[in-house]
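Please look through the two chains below before reading my comments. The comments are numbered so that each can be checked in the viewer.

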Amino acid sequence: MRFPDLALTACRVILGGLFLIAGVTKAYDPAAFATEIQNYQLLPWVGDVLLSLFLPWVEIFAGCALFLKRFERGALLLISAMLIAYSVALISAIVRGLNIDCGCFGRLISPTGIAWALARNAGLMILAGVLWIFWLRGSRAPRIADSK
Amino acid sequence: MTAVRQALWILLIALLPAFFASAFHPKRPAWSEDALKPGEERLGTVQSWGDSVLWVDARSRKEFDTEHIPNAVLLNLEEWDQLFPAFLDRWQPNQKVVVYCSSLACHMSEEVADRLKRNSVEPVYVLKGGWEAWKSKQ
């Protein structure tokens, strides 16, 4: 496997794997995740509940799809959209002076500050950006990243 | 278009387990905010447990110093390392711990309760409505 292919595979596996883990930790305890969403004070409680039940599974399936290279373009689209949405929510929390845990990995890891979560999101967006660039160039799409 | 179509498929597939989680997940959130969340208890229930309960105030030191539930121990995330040993001095194994913060809108009590559980302190409950609920009953 050549270096660009290796780099693309690494981007895909890291991004997919992280979303898979994040989804599983949230799906394990949707009530806790609903509370984490509520901390952002962006939606009514029913909206928080709906998201807490649905979002973890989107993360799990999108993460799985990217990791396993099945429906990988759709998965990358969803993961990119989620990264943007999460970043907007984090920035809005900073603007409103909320001192909350990001809730990004459920309660698997210790409470994470917003600044650190934003930095992590930026890193993940770079990985997603790399995959998008190679995909849009067409010649080296994620689909063929692992080709012999 | 392929990406959008694939994304829609993933969303559609995710709906199925989400639906089952909403109906059968043991830790599913309550649809009504008035309902108790897992680990949450109302003031009346806690009072029915008697004086054996150890109250934990998860608010800031300033708020605690102003007023707090009698015999409550201060334990917040900001000063966790300094305050946790003092909590352990007060807590007896198996003694019920009830954590409260300011009101319904605050969630610090849930975070403190969660961290207590991760430090093997059980059973831990969160007071629904927090300090405001207590104050309104005095």
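The points below go from the basis of the model to each chain, the contact between the chains and the salt bridges.

1. Basis. This is a predicted model, in which local features need pLDDT of at least 70 and side-chain atom pairs count only at pLDDT 80 or more, while totals for chains, interfaces and linings use all residues. Residues are numbered from 1 along each chain as its sequence is written, chains are lettered from A and ligands numbered from 1 in the order in which they are written, and side-chain values use heavy atoms, with hydrogens and water left out.

2. Chain A, overall. Chain A has five helices and zero strands, and its pattern along the sequence is α-α-α-α-α. Helices (H or I, at least four residues) and strands (E, at least two) are DSSP runs, numbered from the N terminus. Of its 148 residues, 53% count as buried. Buried means under 20% relative accessible area, exposed means over 50%, and partly exposed lies in between (1.4 Å probe, protein chains only).

3. Chain A, contacts and surface. A contact means heavy atoms within 4.5 Å. Among the contacts in chain A with a separation of 6 or more, 70% come from residues 24 or more positions apart. Chain A exposes about 6,800 Å², and carbon and sulfur atoms supply 74% of that area. Accessible areas come from the Shrake-Rupley method with a 1.4 Å probe, and for residues only the protein chains shown count as cover.

4. The sheet of chain B. In what order do the five strands of the open sheet in chain B stand? The order is β1-β5-β4-β2-β3, with parallel pairing. Two strands pair if DSSP finds at least two bridges between them. β1 (40-41) and β3 (73-74) of chain B are at the edges with a single partner strand each, so one side of each has no neighbour in the sheet. In general, strands of a sheet pair through backbone hydrogen bonds, either parallel or antiparallel.

5. Strand β4 of chain B. Four bridges join strand β2 (residues 54-57) of chain B to β4(B), and three bridges join β4(B) to strand β5 (residues 124-127) of chain B.

6. Two bridges join β1(B) to β5(B), and the two strands run parallel. E41(B) has L127(B) in β5(B) as its bridge partner.

7. The contact between the chains. Chain B and chain A bury about 2,900 Å² between them, 69% of it on carbon and sulfur atoms. Buried area is the accessible area (1.4 Å probe) that two parts lose on being put together, summed over both. I10(B), P29(B) and W31(B) supply 21% of the area that chain B buries against chain A, more than any other three residues. The contact takes 35 residues from chain A and 30 residues from chain B.

8. Seven residue pairs are in polar contact between the chains (both at pLDDT 80 or more). α1(B) gives the most to the side of chain B that touches chain A, with 14 residues.

9. The structure holds six salt bridges over all chains. One of them joins K26(A) to E59(A), with the closest N and O atoms 2.8 Å apart. K26(A) lies in helix α1 of chain A and E59(A) in helix α3 (residues 45-68), so the pair ties together parts 33 residues apart in sequence. Both K26(A) and E59(A) are buried, K26(A) at 3% relative accessibility.

10. A salt bridge within one helix. R118(B) forms a salt bridge with D114(B), the closest N and O atoms being 3.2 Å apart. These residues are four apart in helix α5 of chain B, which means a separation of about one helical turn. R118(B) is partly exposed, at 39% relative accessible area, whereas D114(B) counts as buried at 16% relative accessibility.

Note on methods
Polar contact = N/O pair within 3.5 Å; in protein donor to acceptor, adjacent residues only side chain to side chain. Salt bridge = Lys/Arg side-chain N within 4 Å of Asp/Glu carboxyl O.
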